[in-house]
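Trainee: I would like to learn how to read a protein model. Could we take its features one at a time?

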Amino acid sequence: MSHDALPPDPFAGDPEDPARALSDPTDEPARPLDEHESAEILADLADLAVYQDLLEPRGVRGIVVDCGDCAEPHFHDWELLRSSLGQLLSDGRMRPHEPAFDPDPTNYVTWEYCRGYADGMAAHEEHSGTPHVPGH
């Protein structure tokens, strides 16, 4: 989802906007990503596509990440995470976004779970000679 597709700020122009106490993320210029960081994000995007292909047909809606800043789990649907990683790649930062509304934690898995599942499927395919068919 592009930043332009988001609904308008309900506090735009309001002198009592509670967000005025926070610094604007555009106040500080983003540091361009170096070649290694860009390559890592591109690899994450490629992995994300594989994980979605494998897990979405099984009812997994996305990935959960434990936030080191607030000590709360953050639930990211597949498209939201793809958009955030794309934004990080192009802008050097991720803009804040609305959290998932009342997510069911059973519908989200960790990045490590995704990696293990994909590795297991690849090993199964190599052993059995049967390619994975999404949803089966």
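**Reading the model**

Mentor: Start at a chain position that is simple to find: Gly129 comes after helix 3, and its phi is positive, near 75°. This is a predicted model, in which local features need pLDDT of at least 70 and side-chain atom pairs count only at pLDDT 80 or more, while totals for chains, interfaces and linings use all residues. Residues are numbered from 1 along each chain as its sequence is written, and side-chain values use heavy atoms, with hydrogens and water left out.

Trainee: How many helices and strands does the protein have?

Mentor: Helices (H or I, at least four residues) and strands (E, at least two) are DSSP runs, numbered from the N terminus. The protein has 3 helices and 3 strands. Read from the N terminus, the order of the elements is α-β-β-α-β-α.

Trainee: What span does helix 3 reach from its first C-alpha to its last?

Mentor: The expected span of a helix is 1.5 Å times one less than its number of residues. Helix 3 covers residues 111-128, 18 residues in total, and reaches 26 Å, close to the 26 Å expected.

Trainee: Which residues of helix 3 are buried?

Mentor: Buried means under 20% relative accessible area, exposed over 50%, and partly exposed in between (1.4 Å probe, protein chains only). In helix 3 the buried residues are Trp111, Cys114, Tyr117, Ala118 and Met121. They cover an arc of only 125° around the axis (taken from the directions from the helix axis to the C-beta atoms), which puts them on the same side of helix 3. An α-helix has 3.6 residues a turn, so residues three or four places apart point the same way. The face turned away from that buried side carries Glu112, Asp119, Glu126 and His127, which are exposed.

Trainee: What do the buried residues of helix 3 pack against?

Mentor: Contact means heavy atoms within 4.5 Å. Those residues pack against helix 1 (35-55), strand 1 (62-66), helix 2 (78-91) and strand 3 (108-109). For the protein as a whole, among contacts between residues at least 6 apart in sequence, 65% join residues at least 24 apart.

Trainee: In what order do the strands form the sheet?

Mentor: Strands of a sheet pair through backbone hydrogen bonds, either parallel or antiparallel. Two strands count as paired if DSSP finds at least two bridges between them. Here 3 strands make an open sheet in the order 2-1-3, with mixed pairing. Strand 2 and strand 3 are the edge strands, each pairing on one side only. Strand 1 and strand 2 (residues 73-77) run antiparallel and are joined by 5 bridges, whereas strand 1 and strand 3 run parallel and are joined by 2 bridges. Asp66 stands opposite Pro73 in strand 2. The hairpin of strand 1 and strand 2 has 6 residues between the strands, and Ala71 in this hairpin has a positive phi near 60°.

Trainee: Which residues have the most contacts inside the largest nonpolar core?

Mentor: A nonpolar core is a set of buried Ala, Val, Leu, Ile, Met, Phe, Trp, Tyr and Cys residues joined through side-chain atoms within 4.5 Å. The largest one has 18 residues, and Leu48, Leu55, Ile63, Trp78 and Cys114 have the most contacts inside it. Helix 1, helix 2 and helix 3 are the elements that give two or more residues to this core, and helix 1 supplies the largest share, 6 residues.

Trainee: Is Ile63 buried or exposed?

Mentor: Ile63 is buried, at 1% relative accessibility. Ile63 belongs to strand 1, and its bridge partner in strand 3 is Val109. Beyond four places in sequence, the contacts of Ile63 include Leu48, Phe75, Trp78, Trp111 and Cys114.

Trainee: How many salt bridges does the structure hold?

Mentor: A salt bridge is a side-chain nitrogen of Lys or Arg within 4 Å of a carboxyl oxygen of Asp or Glu. The structure holds 2. In one, Arg61 pairs with Asp77, the closest N and O atoms being 3.1 Å apart. Arg61 lies in the loop between helix 1 and strand 1 and Asp77 in strand 2, so the pair ties together parts that are 16 residues apart in sequence. In the other, Glu79 pairs with Arg82, the closest N and O atoms being 3.2 Å apart. Both Glu79 and Arg82 lie in helix 2, 3 residues apart, about one turn of the helix.
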